[in-house]
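Me: I would like to learn how to read helix packing and strand pairing in a model such as this one. Could we go through one case of each?

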Amino acid sequence: MSETPHKESEKQREITEASLKQLGNLIYEQIQNREFPWVMMQSRSTDNIIYDSELRQYILGSRTIRRHARNIRHIRPFTQMVWTAWFARELVSMRKTSTLREVYYSARGQRDIEFSGQPESDNIITDLEVALNRPREDFGIFPEERSAIFGDLTIEYTVPGYEGRRMNLTDHPDGVMVGPAVTSSEFVETSADKVLVIEKGAMFNRLIEEKAHERFNSILVHTAGQSPRSTRKIIRRLNQQWGLPIYIFTDGDPWGIHIAMVIISGSANAAHLRDLATPEAKWIGVWGTDIVDYKLPTENLTENDSKRLGELKTDPRYTDEIWQREIDVFMKIGKKAELEAFSRYGLTYIVDEYLPAKLESV
Amino acid sequence: MSPSDFFYRNREIAGFSNPSRAIYAAVRELLENSLDACEAQKALPEIFLRITEVTASESGSSIYIMRISDNGTGLPPEEIPNCFGKVFYGSKYTLKQARGTFGLGGTITILYGQITTHKPVTITSSTGGEIHEYEMMIDIQNNRPMILRHRVMENKKKWRGTVVELQMEGDYSRIKSRLLDYLKETAIVNPYADLTFVDPAGRLYRYERGTEKMPPLPQAVKPHPHGIDVENFRRLVSITKEKGMKAFMMEHFQGVGQKTADNFLKAAGISRRAKPKSLKPEDIVTLVRTARQFSDFKRPDPSCLSPIGEELLETGIRKELNLTESDFLKVVTRKPSTYLGFPFIVEAAVATGSSISKQYKSGTTIIRYANRIPLLFDESSGVVWKVVNKNINWSTYKVYSDTPLVIVVHVCSTKIPYKTVGKEYMADQPEVEKEITNAIRTAARTLRVYISRSQRAARERRRLNIFEKFLPKIAEFSTKLSDKEDPPDIAPLLSAVSTAIPDVEEKIKEVPTIVGDAA
């Protein structure tokens, strides 16, 4: 059992490295054949991002573009992509990881390749994902760590120096940062029968303190706002590997709603990637009806909030009845409430009353 | 009042309106005289001009010695005193293009020098034989020369030409830049002339000859009936030897044959056999009026005109504006045209490029000529300014307000349509204005091709730079990425990109209207 995960991740690493090398070969051969090098990839323009109602996520359509070094507007991003592929291969072969920001800085001083800002380097990394049809985590490129996980889950590390080492995620009472090591680890065993995903750090800490993981027999995940892809992938793995139901708990406003939805159906930005969404996950609050039922302290919806609700209302991911109903309620009452609003009834109210009732109802 | 007296009293008409303008007017009269003298015998002009300051006087003006020598025809000794010491009535019965603004030669200058300094003028001249030197003054009231000294010298070297040396009051410092403009512009339009100027500070200015070709001399032609006025008609009548009006018309006017003469006289209601000498003044008025409206005359004969020609004008502009091969120059000589019975030809040139932006302020610089004389003053009142700034939409030709541009316009005619007596700028006579507009437009069309091609060439060069920058990086990192030893050869790719560039430059040279090297 302990050998298998390690081998599996090693195999993935080799495949990734081979595909990067293959890209290099392709370009090298093209130049050798007196041809301006080019790479075919799916178009990421908005008109090629389609919602697949069967997969329940956004996917890229069939339109492809050819990034061509003969094109004066393409040659700079093309060069940057080749450099980034080389950089990724270095990371993979040396078993290192890097953050998106570090990639941006690593190109500094590389004349003519230098990115004008992190959005540019992020974009080139996405191009590489599309071209090779692999998520950047495979290349060892991660976002800044900000989300965390806690609960009775034993993982086995695959990162260099920790291979085979195991850890139980209750070992650290602040929760464990979801970084490259956690992301690439294998899930060994758990006693939990559900996962609670929480948008905000304060509520995550409150749940740990109130031993919500024990009381609800759950793994707790903190997304820290819109959840990073690695966190979404972990949520999916927990759901797929052990069939654990996922419950998402966010602020009661359009932004909170959408944090839940991205976990469930994915984002347009990651339309080129699969295996990030968890269609089975459920949003359990804070609902508009909760605001009414629990008489929560509220704030008025801003103009921006209302506009966003209008957008969600027509978004293809929000066609299910529960979403339509809750959006209507928010729009009707014109109010919103944060997770912390339950503190009105005492710090433990949420764990003692609200969550049990909610979990019961779903 | 004698003609000398008239000009003495009205010297500002001839341009001697103040001490600085007097210097300019004097140089202009004497220099153009010299150029005419050289061209008359088809000698390549070699002209030396020197202005020396003698004494400073009050109010900023000084006394200067002005000396000009040429290698022209020279004057027969017996004619020298009258040529320079007497103002003639005009007595021309034929027409041809002439340089002299007022047809007075240097006499007005000598007159001015005399009245401001009371010093005699020295004239030295030879037609190839002995050299004659006269020191003389003008008797203004009686309009005649007063010879103070006459010396005859041997001419061993067979020198031919004329030297004029006189003193005059003037203000050089305030006219200096205009005078240098004038000399440069004169050098442009007379590229076969070699000009040397030494200024009062002893500085030497050289305007070297750029070609040995000279334009053909204008021929004298009879006046065209459309352009005749009552006074000139009367003079023709007074000198004619013809006995009948039909013969008179055919003899003294161009474009009048048997049939035209009959029809014209019929239209004027004058008998074919009427004696010219017995025409009444009202008959002459009738004839002149009828002539103006009569449409069956042939077009005026342009052989009396002497345009500079595209090749010579190009040579002159290239040498004086220091244009290089990469600068643009297009010269257009239009076909002859007429206005009010006077033939005229418009020539125009447009130049741009980095050499222009080094010499002139950004934007458009206009250089004007009338019968090969540079016009330097009142630019914004003249027809050329109007055409350049009002008639032509420069953005059509990809020219914008900061494009360095020099526009040269030359109008030659037996009668330049000057707007004022000062003869500093041309009126917007409709036919002339139209021809100037067409000439500049024609040149500008080629300019447009040049500008868009050079823009394209610059773009191609920028493109190549980009490929030169990125392809090596692609090669380098694809080599590293694929674990290869040596980077792939990008030279074939770069040469594929760069072939686009010589192509464009080649095409620019192919533009037939850009003459490569006139020298």
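Reply: We take a helix pair and then a sheet. This is a predicted model, in which local features need pLDDT of at least 70 and side-chain atom pairs count only at pLDDT 80 or more, while totals for chains, interfaces and linings use all residues. Residues are numbered from 1 along each chain as its sequence is written, and chains are lettered from A and ligands numbered from 1 in the order in which they are written.

Me: At what angle do α2(B) and α5(B) pack?

Reply: Axes are lines fitted to C-alpha atoms, for helices over the stretch in contact, and angles run from 0 to 180 degrees between N-to-C directions; helices are DSSP runs of H or I with at least four residues, and strands are runs of E with at least two, numbered from the N terminus. Here α2 (residues 19–40) and α5 (residues 176–189) of chain B pack at about 20 degrees, with their axes 10 Å apart, and are therefore roughly parallel (angles under 35 degrees).

Me: Which residues of α2(B) meet α5(B)?

Reply: Ile23(B), Tyr24(B), Val27(B), Arg28(B) and Leu31(B) meet Arg178(B), Leu179(B), Tyr182(B) and Thr186(B) of α5(B), contact being C-beta atoms, placed from the backbone, within 7 Å.

Me: In what order do the strands of the open sheet in chain A lie?

Reply: Strands of a sheet pair through backbone hydrogen bonds, either parallel or antiparallel. In chain A the order is β9-β8-β11, with antiparallel pairing (at least two DSSP bridges between two strands). Because β9 (166–168) and β11 (186–190) of chain A each have a single partner strand, one side of each is left without a neighbour in the sheet. Four bridges join β8 (residues 153–156) of chain A to β11(A), and Ile155(A) has Phe187(A) as its bridge partner in β11(A).

How values were computed
Angles under 35 degrees count as roughly parallel, over 145 as roughly antiparallel, 65 to 115 as roughly perpendicular and the rest as oblique. Two residues are in contact if their C-beta atoms, placed from the backbone, lie within 7 Å.
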